[in-house]
Amino acid sequence: MSIQDIQENLRMIRERIDQACHDCGRDPHGVRLVAVSKTKPAADVLAAFAAGQKLFGESYVQEFTDKAEQVEAPVEWHFIGHLQSNKAKYLRGRVRMIHSVDRLSLAREINRQWERIDERLEVLVQVNLAGEQSKSGVAPQEAPALVRKLSELPHLRVRGLMTLPPFFEDPQAVRPYFRQLRELSEEIAGLDLPGVGMDELSMGMSHDFPAAIAEGATLVRVGTAIFGARETP
Ligand SMILES: *Cc1c(COP(=O)(O)O)cnc(C)c1O
């Protein structure tokens, strides 16, 4: 993708986000675009940044730390991929949010790392709604108990939920999953856990973000539609 292509794609995605908000009566300020730059070079991040994009999502620790060093612009990084506990230290102080916390052991390690810099990291709990073997995430029925445990960790702040639902050709077919994540988030909010906010819903990707917005997404994670197809590793 050329710089112009990336910037034009971004403009179109922002328009479609605005349109999706308009269609369901939401304020577009309530939806943030996470530009997913995994597998793409630092130059692509800078092209998007030059067009006003400040928030980027990455999935692979080593690739992210290399890239973050090359990006000398004040971007906000979110980590959205599966995270091994022993790699949390490489993200310490470098990311604003981790979307993929799905087990207590990982949360404890993140807590330990962020304690060292005396900061509190915003996290989302990843939920595996369809019980897919190939995907990370806590089972929905176990999510409330996990959030309760996380609320006891002083260097974490739970802000909401994230999901990566099954793929359907028809983006409308995935809507029940997005709705289910919203309902689960409302259920957990009802527990009134100290320090826990359930105000963020990270859901929706390139081909289904309008449906996710219709169901309440506050963070949409869009890669391919901005930066082009990725090489499959
Ligand atoms: C890669 C990735 C995305 C972006 O997917 P696209 O289909 O390229 O928009 C979103 N979320 C997660 C967790 C990802 O790993």
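A polar contact is a pair of N or O atoms within 3.5 Å; within protein, one atom must be able to donate a hydrogen and the other to accept it, and residues adjacent in sequence count only if both atoms are side-chain atoms. The model examined here is predicted, with local features requiring pLDDT of at least 70 and side-chain atom pairs pLDDT 80 or more, whereas totals for chains, interfaces and linings use all residues. Residues are numbered from 1 along each chain as its sequence is written, and side-chain values use heavy atoms, with hydrogens and water left out.

In the side chain of R221, an N or O atom is 2.8 Å from a nitrogen atom of the ligand. S206 places a polar side-chain atom 2.5 Å from a ligand oxygen atom, and for T224 the distance from a polar side-chain atom to an oxygen atom of the ligand is 2.5 Å. The protein buries 88% of the 390 Å² that the ligand exposes when taken alone (accessible areas by the Shrake-Rupley method with a 1.4 Å probe; for residues, only the protein chains shown count as cover).

Aromatic pairs were also searched for across the whole structure, and 3 were found (rings of Phe, Tyr and Trp, the last by its six-membered ring, with centres within 6.5 Å; planes under 30 degrees apart are stacked, over 60 edge-to-face and the rest tilted). F56 and W77 form a tilted pair, 5.9 Å centre to centre with 50 degrees between the planes. This pair links distant parts of the chain, since F56 lies in strand β2 (residues 55-58) and W77 in strand β3 (residues 76-79), 21 residues apart (strands are DSSP runs of E, at least two residues, numbered from the N terminus).

Technical notes. Helix = DSSP H or I, 4+ residues; strand = E, 2+ residues; numbered from the N terminus.
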